[in-house]
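Hi,

Here is the structure I said I would pass on.

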Amino acid sequence: MAIRDIDRVKCNDCGRCYLICPMDVFGKVGRRVYLSNPEDCMPCYLCEIDCPVDAITIDAERGRPIPLPY
Amino acid sequence: MINKTIDTDVLVVGGGLAGCEAAIKAKNEHNSVLLVDKGYVSRSGASPFAAGAINVCLPEDDKDVWLREIVERGEYINDQEWVKLQLERGYPLAMELDEWGRAFGHTIFERDEQGNLLRKKARGNINTRTCVINAIPAMDTMRAKVIESKVSLLERVMVTDLVLDQGRVVGAIGLGYRDGKVYLLRAKSVVLSASGCGFKLFGMGHRNLTGEGQAMAYEAGAMLRNIDQAMSNTTARAADNHGMSLMAAAGGRFLNSLGEEFMWNYEPEIGNRARLSKLTVAIAREIAAGRGPVYMDLTATSEEDQKLMRKIVPEAFKAFASLKIDPFKEKVEWMPAFKGTVMHGGGIHIDITGASNVPGLYSAGDCSCTPEHGTWSITGLNLTFAIVSGDIAGRSAASYAREAATSGVQKSDVEETVASRLAPLDAKVGLTPDEVIYRMQKVLIANDVAYIRSDASLRRALGEIESIREEAVPSVKARNSHELVKALETRSMIRIAEMIVRSCLYREESRGFHYRTDYPLTDNDDWLKWIMVQRDEQGSMRVWAQNFPTPYLPAPSGKYPPK
């Protein structure tokens with residue numbers, strides 16, 4: 001899975017990842033962000049790049065299997 | 001059923017580089033402008049992942065030489081008027097963007113120590129050169145400029161349909177990604193700049209580009225063009241990656257299993273810096289000939305270039321790091337990455353004002369047929385085209401809106417359409433969008449459909465696509481608005497898939513990305529034509545070939561192996 005979790009110790013609830021994710025991977029309850037659709041993570045790394053406190057580390061493994069050409 | 005109606009003069013759908021440019025320029029002409037995006041403008045679409053290459057013809061460059069190179073290497077199916085426009089308008093618009101960046105504290109163009117624009121020979125370039133652009137700062141700038149210009153923003157809303165009134169486009173229907181709200185967006189003109197359809201396949205950051213813009217234009221009666229040039233990039237086999245133009249410019253090499261730099265056999269003049277169209281077909285042919293796997297080798301690149309690559313495409317290096325691969329120390333297994341109509345590969349047919357054949361409907365960027373490119377000419381044309389076509393289409397749509405009457409379209413006029421879009425929410429049982437998407441991907445990604453084609457393989461694919469269209473797509477269910485967006489994405493994707501396969505079946509020659517074992521030659525005598533697609537009055541997909549003008553460079557004749 002491309003995104004597995006958010007580092008809760010580091011996360012400062014800024015909501016940037018929720019705001020920017022192109023795939024709507026994050027949900028929000030109050031100020032707290034959670035992973036609502038992690039299987040849709042591309043991954044594109046934008047949340048990891050934009051996170052101000054390095055609370056997100058993305059794995060390059062594709063969130064969903066994609067057939068290969070050969 | 002409609003939660004909110006919004007009125008605007010100009011509606012822009014898709015907020016990447018082209019859409020932002022169009023919105024800003026339409027707003028400059030004293031219109032109200034609404035910019036809608038499925039995601040968050042500046043972090044949505046292909047633009048934040050533009051990977052560094054933008055083609056800018058500087059005032060001191062010889063425009064005739066550049067035009068010749070772009071048209072020759074686009075295998076002559078470019079719209080030469082657009083090539084000329086791009087060469088004239090690209091530089092001032094790029095410098096305007098650079099200026100906006102400075103005003104907002106962003107560095108957009110890379111420069112050398114003397115302050116000159118950094119220029120490289122990247123993919124496809126022989127006499128032309130490519131500037132290096134920082135994509136994320138460029139998109140941060142665009143967002144800031146859109147807001148400063150007082151363009152209204154509506155984000156996390158997927159536009160599903162255009163609304164027509166007596167043959168004229170008068171707005172669109174939108175669906176809230178997170179809250180499921182339905183919007184009627186009434187406009188005097190619409191610019192579609194929502195990119196193409198990448199089928200949620202490979203390529204970094206492209207998986208929310210599923211062809212709504214092109215599909216809704218088709219439904220509204222617009223002609224689409226050059227879909228037979230559905231494109232591929234290349235990527236690491238183990239994970240999505242990008243930045244290949246920079247990698248090739250830095251001396252990256254493509255090797256087969258025998259250690260040969262095979263690209264010199266396919267594009268003798270520039271080898272590893274070959275055009276994408278040649279590279280993807282060549283990798284597929286090397287694999288078919290038993291000389292796979294194929295590798296990308298960056299081990300001989302300079303430290304300076306390595307630093308530049310890390311800076312310009314940070315996502316790519318995060319992917320390598322996650323795989324525990326140091327691409328500067330070891331070669332990486334590489335493969336073609338089918339991208340459909342994202343970043344090129346055909347789209348909405350436009351004239352030199354950005355207008356489609358449907359009154360009130362304009363298109364910019366990769367959503368259009370990217371008329372400057374031809375097959376796939378040289379690197380970086382798409383980004384320049386985004387700002388040039390955005391500028392032109394935005395101003396054209398604004399001027400159309402000034403003359404157009406307000407439409408009297410009412411909520412009740414669109415209720416039937418809205419009900420059918422919301423239907424997957426009511427389905428008690430049904431297929432998941434993901435299952436249908438996977439089936440579609442399997443058909444399109446196959447080597448004999450995406451790369452080494454024949455009449456038989458394309459007919460098989462068409463049968464499979466038709467069956468998915470008839471049986472699977474209407475049976476998709478959605479549990480919430482997030483899934484409803486995906487369900488509706490399958491509708492757009494299957495439409496574009498059918499266009500691709502039908503267009504490829506129609507073109508009985510090999511040119512650009514289109515390689516057919518049953519017609520292996522480029523045939524200028526019969527096929528120096530644009531392949532067009534349009535919905536006919538019965539609702540079927542009509543495909544035909546159309547002659548086009550070549551005002552500056554005469555068309556070649558004869559048949560020869562693709563070059």
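Below is what turned up, starting with a helix pair and moving on to some backbone details. Keep in mind that this is a predicted model.

First, the helix pair. In chain B, have a look at helix 15 (residues 455-472) and helix 16 (residues 481-506): their axes come within 9 Å and cross at roughly 160°. Angles over 145 degrees count as roughly antiparallel, so that is how helix 15 and helix 16 of chain B run relative to each other. The crossing of these two helices of chain B is left-handed. On the helix 15 side, the residues that meet helix 16 of chain B include B:Leu458, B:Leu462 and B:Ile465; on the helix 16 side, B:Ile494, B:Ala497 and B:Val501 are among them. By class, this contact has ten nonpolar and five charged residues, and no polar ones.

Next, the backbone. Most peptide bonds are trans, and most residues other than glycine have a negative phi. Here are some exceptions.

- A:Met42 and A:Pro43 are joined by a cis peptide bond, with omega about -5°. A:Pro43 sits in the loop between strand 2 and helix 2 of chain A.
- B:Gly292 and B:Pro293 are also linked by a cis bond, omega about -5°. You'll find B:Pro293 in the loop between helix 8 and strand 13 of chain B.
- A:Asp54 has a positive phi, near 55°, and lies in the segment after helix 2 of chain A. A:Asp54 counts as exposed, because it has 10 C-beta neighbours inside 10 Å.
- B:Thr370 has a positive phi of about 35° and belongs to the loop between strand 16 and helix 11 of chain B. B:Thr370 is buried, with 32 other C-beta atoms within 10 Å.

Cheers

How values were computed: Residues numbered from 1 in each chain as written. Chains lettered and ligands numbered in written order. Predicted model: local features only at pLDDT ≥ 70, side-chain atom pairs only at ≥ 80, totals over all residues. Axes fitted to C-alpha atoms, helices over the stretch in contact; angles between N-to-C directions. Helix = DSSP H or I, 4+ residues; strand = E, 2+ residues; numbered from the N terminus. Parallel < 35°, antiparallel > 145°, perpendicular 65-115°, else oblique. Left-handed = near helix turned anticlockwise from the far one by under 90°. Contact = placed C-beta atoms within 7 Å. Nonpolar A, V, L, I, M, F, W, Y, C, P; charged D, E, K, R; others polar. Buried ≥ 20, exposed ≤ 12 C-beta atoms within 10 Å, placed from the backbone.
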